[in-house]
Amino acid sequence: MDGLIFGLKDVYFSYLGKFPALCGIDIKISKGQKVSVIGANGSGKSTLLQMLDGLIFADKGEVSFRGVEIDEKIFYDPEFSRDFRRRVGFVFQNPDTQLFCPTVKEDIIFGPLQLGLEKSEIVKRLEMLVESLGIQGLLERPPHQLSVGEKRKVAIASTLIINPDVLILDEPTAGLDPLTTRHIIDLLIDENTAGKTIITSTHDLHIVREMSDVVYVFGMDKRIVKFGRAEDILNDTALLAANNLVHIHSHRHKDKMHAHPHLHIEHHNDSV
Ligand SMILES: Nc1ncnc2c1ncn2[C@@H]1O[C@H](COP(=O)(O)OP(=O)(O)OP(=O)(O)O)[C@@H](O)[C@H]1O
Ligand SMILES: [Mg+2]
């Protein structure tokens with residue numbers, strides 16, 4: 001298929017051969033698409049994203065990147081590996097995995113320096129990201145001293161600065177305040193409008209509509225339960241409830257307790 005970025009065919013993966021995490025996954029992601037993956041805790045979202053980033057490899061089935069099958073061996077080829085790392089950027093669910101330099105600034109510029117990007121381009125992108133993420137005051141601080149949300153912003157900056165064609169973000173807005181979430185979504189939408197492919201996992205249904213041309217819902221059995229347009233998935237309350245994506249809201253009327261599914265996006269559909 002022309003413009004196919006990732007293709008997964010009947011992919012299986014277990015940790016240590018005994019903890020299943022992906023079971024029979026079929027996914028196609030085209031250039032310039034926004035794709036999101038939603039599902040309960042432990043349904044396999046992070047495992048899928050790590051596989052797309054070439055960090056783990058399928059036990060069974062096929063994974064391709066731009067028409068080339070990817071397995072562990074292909075990453076031994078320094079040329080392929082370098083090209084892949086230049087084209088595909090990953091933001092880990094846990095920002096501590098990504099931050100290890102003495103200062104935030106060094107962390108952000110580490111990737112592009114490793115990849116040999118031009119210094120003037122690095123400085124230009126650093127300034128743009130620092131401005132749009134509002135992290136001017138953090139640059140000289142040690143990353144391990146930051147709050148969770150601050151760390152996440154730094155982790156996002158350290159990936160975006162590489163300017164990859166494909167951005168993979170594992171719960172990019174978890175723990176972020178609403179205004180910061182808005183800035184990050186705006187930034188990602190701008191990147192998508194400029195042609196980048198964006199793959200996001202999230203529990204935050206507020207961002208799903210904007211971040212998805214296609215949504216995949218992962219089930220507790222580590223399979224895809226349903227995929228489709230954000231509109232159709234978000235209107236399927238039974239599907240969302242069955243996959244822990246809406247919570248039960250209980251309240252008391254006189255002496256009686258009532259419980260019903262509570263879909264927060266009901267209040268925000270048009271405004272987010
Ligand atoms: N390092 C690991 N070793 C063993 N099992 C693991 C490991 N990482 C994940 N798993 C298991 O794989 C399954 C999928 O986990 P994964 O982290 O992909 O889920 P997730 O959908 O990202 O969950 P969350 O919403 O909590 O981030 C889970 O059953 C989990 O227990
Ligand atoms: Mg996860």
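Helix α1 gives the most residues, three, to the shell around ligand 1. (Helices are DSSP runs of H or I with at least four residues, and strands are runs of E with at least two, numbered from the N terminus.) This is a predicted model, where local features need pLDDT of at least 70, side-chain atom pairs count only at pLDDT 80 or more, and totals for chains, interfaces and linings use all residues. Residues are numbered from 1 along each chain, ligands from 1 in the order written, and side-chain values use heavy atoms, without hydrogens and water.

So what surrounds ligand 1? There are 15 residues in its shell (a heavy atom within 4 Å), and Gly42, Lys45, Ser46, Thr47 and Gln93 are the closest. Four are nonpolar, eight polar and three charged.

Lys45, Ser46 and Thr47 are among the buried ones. After the helix comes Gly54, with a positive phi near 70 degrees.

Leu48 and Leu52 are also buried, and they belong to a second, separate core of 32 residues that includes Val11 and Phe84 too. A nonpolar core here is a set of buried Ala, Val, Leu, Ile, Met, Phe, Trp, Tyr and Cys residues joined through side-chain atoms within 4.5 Å.

Note on methods: Buried < 20%, exposed > 50% of the residue type's maximum accessible area, 1.4 Å probe, protein only. Nonpolar A, V, L, I, M, F, W, Y, C, P; charged D, E, K, R; others polar.
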